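Here's a quick briefing for anyone opening this structure for the first time. Have a look at the model, then read on.

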Amino acid sequence: MAADQLYKKEDLKTWNRDNVAGGQGTLQGKFSHTRNDAPKDWAIKEIGWMTLQPGASIGMHKHEVNEDTYIIVSGEGVFTDSEGKETPVKAGDITIARKGDQHALKNTGDVDLVFLDIIGQQ
């Protein structure tokens, strides 16, 4: 099963989505696999390099059955947590929405906001 342990950059799957969860603009994604094609026994349901262009956002949404982590790689933005608290984020920051939590993310900078998105489910 070596193929499931290494995903080369040139082989990643593109999954771009517009106005995610009521957000603005396009969420650009390059994935090893997505929740749509992950086998049921995999704990990590999705791993992707994500890009939000300046002004783009992911709207507030709730994670009913899984957990979602954003690892900010470059750019800057604002993360909104379950309580509605907005906090600036930049390269090196990590956000986590646990099962039952809500979250949102907006690019507030002048360059692309790039982050890793990892969704896990028990």
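Let's start with strand pairing: strand β2 (residues 17–18) and β3 pair in the antiparallel sense over two bridges. Strands here are DSSP runs of E of at least two residues, numbered from the N terminus, and two strands pair if DSSP finds at least two bridges between them. This is a predicted model, where local features need pLDDT of at least 70 and side-chain atom pairs count only at pLDDT 80 or more, while totals for chains, interfaces and linings use all residues. Residues are numbered from 1 along each chain as its sequence is written, and side-chain values use heavy atoms, with hydrogens and water left out.

**Strands around β3**
- Strand β1 (residues 13–14) is joined to β3 (residues 26–33) by two bridges, and they run antiparallel.
- Here K13 stands opposite F31 of β3.
- β3 also pairs with β4, in the antiparallel sense, over six bridges.
- Look at Q28 for one of these: its bridge partner in β4 is T51.

**The loop between β2 and β3**
- N19 is in this loop, and it has a positive phi of about 50° although it isn't a glycine.
- N19 counts as partly exposed because its relative accessibility is 44% (buried means under 20% relative accessible area, exposed over 50%, partly exposed in between, with a 1.4 Å probe and protein chains only).
- A21 is in the loop between β2 and β3 too, with a positive phi of about 55° although it is not a glycine.
- At 37% relative accessibility, A21 counts as partly exposed.

**H103**
- H103 belongs to strand β10 (residues 102–107).
- Its relative accessibility is 0%, so H103 counts as buried.
- The side chain of H103 makes a polar contact with the side chain of H63, at 2.9 Å (a pair of N or O atoms within 3.5 Å; within protein, one must be able to donate a hydrogen and the other to accept it, and residues adjacent in sequence count only if both atoms are side-chain atoms).
- Leaving aside neighbours within four places in sequence, H103 is in contact (heavy atoms within 4.5 Å) with several residues, including H61, D68 and Y70.

Technical notes:
Helices (H or I, at least four residues) and strands (E, at least two) are DSSP runs, numbered from the N terminus.
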